[in-house]
Amino acid sequence: MKEIEIYIDGASKGNPGHSSVGVVICQHGQTVKNIAAYIGQATNNVAEYTALIYGLQEGLIMGAENIKINTDSQTALPAIKQDLKIKSPNILPLYHQARHLMSAFKKVTLENIPRENNRGADKLANKAIRNGLKNRLFL
């Protein structure tokens with residue numbers, strides 16, 4: 001049974017503003033992949049959900065059966081756990097996509113972690129914004 005642990009973070013410089021995702025994928029306590037992606041103009045909530053989707057997709061690509069998602073998000077995590085109702089029409093499709101991807105795993109654990117324990121994903125997300133601005137990956 002293949003198990004992975006994923007740390008996710010979304011970043012937005014402005015709300016909405018230039019946004020990105022950072023994802024750290026670990027297996028057996030070791031980092032096996034880092035993802036830093038600029039996603040364009042978005043809100044911080046959109047960036048958080050997009051980071052979750054990137055992490056879940058990568059878990060599927062890797063053939064994981066069990067996945068643990070770690071995030072410091074105060075909005076995406078409660079909604080995904082179904083403790084919070086989604087009202088935003090921009091977030092609802094992302095929510096449904098994340099829930100659909102989660103159904104492909106035997107077990108999904110969602111963990112809210114302190115910000116200081118999510119520094120790797122945070123650094124990747126901020127790096128992606130800097131690279132996006134430097135390379136003018138936006139309109």
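Predicted model: local features only at pLDDT ≥ 70, side-chain atom pairs only at ≥ 80, totals over all residues.
Colleague: How do you know which elements the protein has, and in what order do they run?

Modeller: Helices (H or I, at least four residues) and strands (E, at least two) are DSSP runs numbered from the N terminus; on that basis the protein has four helices and five strands, in the order β-β-β-α-β-α-α-β-α.

Colleague: What makes the radius of gyration agree with that of a compact globule?

Modeller: The radius is taken over C-alpha atoms, and the globule rule is 2.2 Å times the number of residues to the power 0.38; for 139 residues a compact globule would come near 14 Å, and because the protein has 14 Å, the two agree. The C-alpha trace spans about 45 × 35 × 25 Å along its principal axes.

Colleague: What share of the contacts joins residues at least 24 apart?

Modeller: A contact means heavy atoms within 4.5 Å, and among contacts between residues at least 6 apart in sequence, 68% join residues at least 24 apart.

Colleague: What makes a set of grid points a pocket?

Modeller: On a 1 Å grid over the protein atoms alone, a pocket is an open set with protein on both sides within 12 Å along at least five of seven lines, and lining residues have an atom within 4 Å of a point. About 220 Å³ of space lies in the largest pocket, and of its 15 lining residues the closest to the centre are Asp 9, Gly 10, Asn 44, Glu 48 and Arg 115. Strand E1 (3-14), helix H1 (44-61) and helix H4 (119-134) each give two or more residues to this lining, with E1 giving the most, five residues.

Colleague: Which elements supply at least two residues each to the lining of the second largest pocket?

Modeller: That pocket has a volume of about 170 Å³, and E1, strand E2 (17-27), strand E4 (66-71) and strand E5 (107-112) each supply at least two of its lining residues.

Notes: Residues numbered from 1 in each chain as written. Heavy atoms only, no water. 1 Å grid on protein atoms, 1.4 Å probe; cavity = no way out; pocket = protein on both sides within 12 Å on 5 of 7 lines; lining within 4 Å. Points joined across faces, edges and corners; volume = space filled by probe spheres on them.
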